[in-house]
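Student: I have a structure open and would like to learn how to read it. Could you take me through it step by step?

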Amino acid sequence: MTLEISSSLEQGWQIITVKGQVDSKTVNELRDYLEKEFKSALPLGLDLTDVPFMSSAGLRTLLTLYRQTQSSGVSLALIGLRPVIADTMKVTGFYQYFTVHASAADLPATG
Amino acid sequence: MIDRIDSLPTSEINGYKVRPGKPLPFGVSHVPDGLNFSVYSSVGHSCTVVLFNRGEQIPFAEIEIPEEYRIGSVFCIIIFGLDYEQLDYGFRVDGPNDPALGHRCDPSKILMDPYARTISGRDVWGVAPDWANELYHYRSRVSFDDFDWEGDTPLKIPPEDLVIYETHVRGFTRSESSQVAHPGTYAGLAEKIPYLKRLGINAIELMPIFEFDEFENSRAHPETGELLYNYWGYSTLGFFAPKAAFASTGRFGMQVDEFKQLIKQLHANGIEVLLDVVFNHTAEGNEQGPTFCFKGLDNKIYYMLTPEGYYFNFSGTGNTLNCNNPIVRSLVLDCLRYWAAEYHVDGFRFDLASILGRDPWGAPLSNPPLLESLAFDPILSNCKLIAEAWDAGGLYQVGSFPAFGRWAEWNGIYRDSMRRFLKGDSGQVGKVAQCVQGSPNLYRASGRSPATSINFITCHDGFTLADLVSFNQKHNEANGEGNRDGGNDNHSWNCGAEGWTEDPAILTLRKKQMMNAFSLLITSRGIPMFVMGDEAGRSQHGNNNAYCIDSELSWFDWSLVEANAALVNFVSELVQFRLQHPSLRVNRFDADPISHGLPSSSFHGTHPWSPNWSDDSRQLAWMFAADMDAASASTASTADVVYVMANMAHYPVWYELPSLPPSLQWKLKFNTGDLQSPVQHVPLALTDPSLLVGERSVIILTV
């Protein structure tokens, strides 16, 4: 099982799109990709439209990413988060840190 | 940064890189690229770590811990390269198996880690286990312990200011009437925080949340066929793990985060969290019970055994944890420290706590080391410690529990005296006078304070309040034991008909009696506690021991909140009244008279200053007074005075009111005799020197 991860620039945002299930087996791919590709000067949109499930390890990576963007002073938005993941995040306390948008088109013009 | 040398393996066993482990902390802890396993067994010759992929029946590896990795009686090893999110683990311990000598090692059994922070196997409530084919039922798992608390701390509410609401995580919101998104879970409870706030309580006491097996001793009801569960959960599997099936995310193994999120939200709303903890026994039962943890690790250390190697049964449930053995003492201490530090829990209520004061042969100790250790522990120093000060082996220590200046007690004498007063028994007024002051007869001589006393009239164990005023006898047929289980000393009165009735006079009296009970409870000094749903008249149809019932019978029916809105409102007003009136929360037995000259507490009858203490008296009034501190003082008055008049006779009685200093005037706040308007939102100023207290009624005045 592997993830498909790609990056693009849209309206001043860096959009990183993840496809596949993020769990302890795949989470390092995401972590490595972010370490290499995340341009900490730009606001980051993480497109999770095609992520059907995210385990505890995946959610922890999101929170780590949130702390990183916070310390570099840029916005972080989650895009296309599935309701089942959003729900898990809500009851376990992960959700409150994130701005969530239905699609990349909903991102504010300037991060 | 320089890598540490010990972040690299030194050997390989069965294809897994390993190195010698660290003996502390016990259980599993994260080290760079690996996990440190540490387990104690004084009798084991060898110990093997058994590794599974999550939920699988066959282990993917077994790694025997090399003899040279053992330090003292602790087996410890670091194993590298494990996918710890997917990992279930256990131990096999080879050692003596001679029950007559107390040894029950059995390497064919896979044992759960007694320090497991997460336990899998019962992740979703009520999913029936496959007893025959499952090799390993209760599966230790690794947890992260990295929750983001964002500055949350325990609330440190002074004990005398607490109002405790006892509840069962599942039962609180499992009913569809709760209309929460996640019924029966920590998340469901969190959704009801606005209700708890409206009620005004500032502490919830959760019935057991340590992982237990709802299928332990489960059976079909002999007549109805209904499946009976271990619903209450007073039978611990592991002391460090929150119950997975109480988490909506238990199936993802995220119960730790969900429970912490609940505690964080409760704290943000000013509500403390007390855990009902069960250290008196475990779920391994007696010699007929299963072996899944302590029995196979070190039976003789963890359990109290008879000289013949059988299990002492002071808990009434098969075995007794050997709490004053130093090893077990450390386990209990480690456990409580973990919940206090890692979960920000505010305090603990100890089930059958008197067992914790028995020596390894069962004799009560005068200075029990475990209770002393807990009382003086640096990490627990802000935690509330509450004892259920009796056990099933005949110890009854209400008033004499070894307190070390710290321990509070469930006051069973308060419960019984108040129940008897409520139903109109003779000979109660003297006892009631003690009860409402915080029971100085029990606690004053030993230098303890009113907040030592957890005052309650009902709790999970016994009748609900609605049943207390609706049944003379218990009706436990639903438990499938021919109505033989549960206590018979209920001191209850059905108000004229057993159970369900349409008689309006009886129904009215019951409503009034419930309000009377709350009036007495909430205005007593000490710490009031009531059980979930009592504020809305929740009934269990006369079942006073619903430990095995997981149905609408034992769940909170939320439609009652609307149906009995007047009662809910009354309770909420009373709780707010308590929190606004410092005279009800004085935490000293020797408080000085207030500046207006009134004593801190005084007793009265139908005539001021002359209570009738005789056996046939059913009238008592009491006055509590305190100086308002600067912060809460209104401009009108610096004195807080509350006057409670109780008439438990079946006829109304005139009470002459005590005269007040000229700057003060009596005002009526509550009158259970006036069911149309039992609460005056703005207290009603009184001009008459006397007041008629209705039959079986309580009136509460303030100034």
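Predicted model: local features only at pLDDT ≥ 70, side-chain atom pairs only at ≥ 80, totals over all residues.

Student: Let me start with chain A. How many helices and strands are there in chain A?

Tutor: Helices (H or I, at least four residues) and strands (E, at least two) are DSSP runs, numbered from the N terminus. Chain A has 3 helices and 5 strands, and from the N terminus its elements run β-β-α-β-α-β-α-β.

Student: What radius of gyration does chain A have, and what would a compact globule have?

Tutor: The radius of gyration is taken over C-alpha atoms, and the globule rule is 2.2 Å times the number of residues to the power 0.38. For 111 residues a compact globule would come out near 13 Å, and chain A agrees with its 13 Å. Along the principal axes, the C-alpha atoms of chain A fill a box of roughly 30 × 25 × 25 Å.

Student: And what percentage of chain A is buried?

Tutor: A residue is buried if 20 or more other C-beta atoms lie within 10 Å of its own, exposed if 12 or fewer, and partly exposed in between, with C-beta atoms placed from the backbone. In chain A, 34% of the 111 residues are buried.

Student: Which parts of chain A touch chain B?

Tutor: Two residues are in contact if their C-beta atoms, placed from the backbone, lie within 7 Å. The contact takes 12 residues from chain A and 17 from chain B. On the chain A side, helix H2 (56-71) and helix H3 (83-92) each give two or more residues, and H2(A) has the largest share with 4 residues.

Student: Now chain B. Into which domains is chain B divided?

Tutor: Domain bounds come from an automatic or database domain assignment. Chain B is divided into domain 1 (5-141), domain 2 (165-582) and domain 3 (591-702). The C-alpha centres of domain 2 and domain 3 of chain B are 32 Å apart, and their contact takes 28 residues from domain 2 and 31 residues from domain 3. Helices H8 (412-422), H9 (429-436), H12 (504-522) and H14 (565-580) of chain B each supply at least two residues of the domain 2 side. H12(B) gives the most to that side, with 9 residues.

Student: Let me look at H14(B). Why do its buried residues line one face of the helix?

Tutor: An α-helix has 3.6 residues a turn, so residues three or four places apart point the same way. In H14(B), the buried residues are Leu567(B), Phe570(B), Val571(B), Leu574(B), Val575(B), Phe577(B) and Arg578(B). Seen down the axis of H14(B), they fall within an arc of 160° (the arc of the directions from the helix axis to the C-beta atoms), so they line one face. The face turned away from this buried side carries the exposed residues Ala565(B) and Gln580(B). The cover over the buried residues of H14(B) includes helix H3 (193-199), H12, strand E28 (667-671) and strand E29 (679-685) of chain B.

Student: Is Leu521(B) buried or exposed?

Tutor: Leu521(B) lies in helix H12 of chain B and counts as buried, because it has 27 C-beta neighbours inside 10 Å. Not counting residues up to four places away in sequence, Leu521(B) touches Asn455(B), Ile457(B), Pro528(B) and Phe530(B).

Student: What is phi of Asp33(B) near, and where is this residue found?

Tutor: Phi of Asp33(B) is near 65°, a positive value in a residue other than glycine. Asp33(B) is in the loop between strand E3 (27-31) and strand E4 (34-40) of chain B. With 13 C-beta neighbours inside 10 Å, Asp33(B) counts as partly exposed.

Key: Residues numbered from 1 in each chain as written. Chains lettered and ligands numbered in written order.
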